[in-house]
Amino acid sequence: MKKKEKEEVPLVSIERNVALIALWLLINGGIVYLTYRLFSVMNPWGFIAMVPAVIMSFLTLWLLLNPFAVFFEDKLEFKQTFFNNSVIYFIDIKQVIELKHNRLKIVYNDDDEDAFILYGIRGSHRALLKKHLEEFVSQSIEKRPK
C-alpha cells in the first residue's frame, strides 16, 4: 500500500509588504503595456519584450499568492522570492537573534550561524515573526531529549 503523507497545516502566516507588492505590480503593468503597444503596431520587438513580460507576470502572481513566511508544526518556510526559498527546522535551531538592518540571525545546534534578510516583510509582522520563531524554538528545545 502507498504511504499517505501527513498533511501540513500552516499555523502562522507572515505577510509581504503591501507597498513592495504595489511597486512590483506597477512595474509589471508597465512592461506588459509596453509589450501590448509593440504588438498593436505590429513591431517585431514585441516578441522580444514579451519574454520579460511573461516572466514578470508569473513572478508577480507568485508574490501575490505566497506569503513571506509560513510556520508549520516543526519547521519554518521562508519564501522571499521565487528563486530564494529556504526551510528551517526548529529542532536544528539553538538561538534566534535580531540584528539591525532587517536581518534575523539564527544560531544552529552546531554553532553555525545564518542571517536571513527580512526585506519585503510587512512592518507590523517583523516582531510577530521573531516572537513566533522564538516560541517555536523554545518549545522544540523543551521537547528534545537530554
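The predicted model holds 10 aromatic pairs, a pair being two rings of Phe, Tyr or Trp (its six-membered ring) whose centres lie within 6.5 Å, with planes under 30 degrees apart counted as stacked, over 60 as edge-to-face and the rest as tilted. One of these is the tilted pair of Tyr 33 and Tyr 36, at 6.4 Å centre to centre and 40 degrees between the planes. Both residues lie in helix H1 (residues 18–40), 3 residues apart, or about one turn of the helix; helices (H or I, at least four residues) and strands (E, at least two) are DSSP runs, numbered from the N terminus. Tyr 36 is exposed, at a relative accessible area of 53%, where buried means under 20%, exposed over 50% and partly exposed in between (1.4 Å probe, protein chains only).

The rings of Phe 90 and Phe 136 are stacked, because their centres are 5.1 Å apart and their planes stand at 10 degrees. Phe 90 belongs to the loop between strand E4 (85–89) and strand E5 (93–99) and Phe 136 to helix H3 (residues 125–143), so this pair ties together parts 46 residues apart in sequence. Phe 90 is buried, with a relative accessible area of 3%, and Phe 136 is buried at 11%. Elsewhere, Phe 58, Trp 62, Phe 82 and Phe 83 form one aromatic cluster.

There are 6 salt bridges, each defined as a side-chain nitrogen of Lys or Arg within 4 Å of a carboxyl oxygen of Asp or Glu. Three of them are listed here.

| Salt bridge | N to O distance |
|---|---|
| Lys 75 and Glu 8 | 3.1 Å |
| Lys 79 and Glu 77 | 3.9 Å |
| Glu 134 and Lys 130 | 2.3 Å |

Lys 75 is buried at 9% relative accessible area, whereas Glu 8 is partly exposed at 37%. Glu 134 and Lys 130 are 4 residues apart in helix H3, about one helical turn. Salt bridges with shared partners join Glu 8, Lys 75, Glu 77 and Lys 79 into one network.

The mean pLDDT (the predictor's confidence in each residue, from 0 to 100) of the chain is 88, and 99% of its residues reach 70 or more. Residues are numbered from 1 along each chain as its sequence is written. In this predicted model, local features need pLDDT of at least 70 and side-chain atom pairs count only at pLDDT 80 or more, while totals for chains, interfaces and linings use all residues; side-chain values use heavy atoms, leaving out hydrogens and water.
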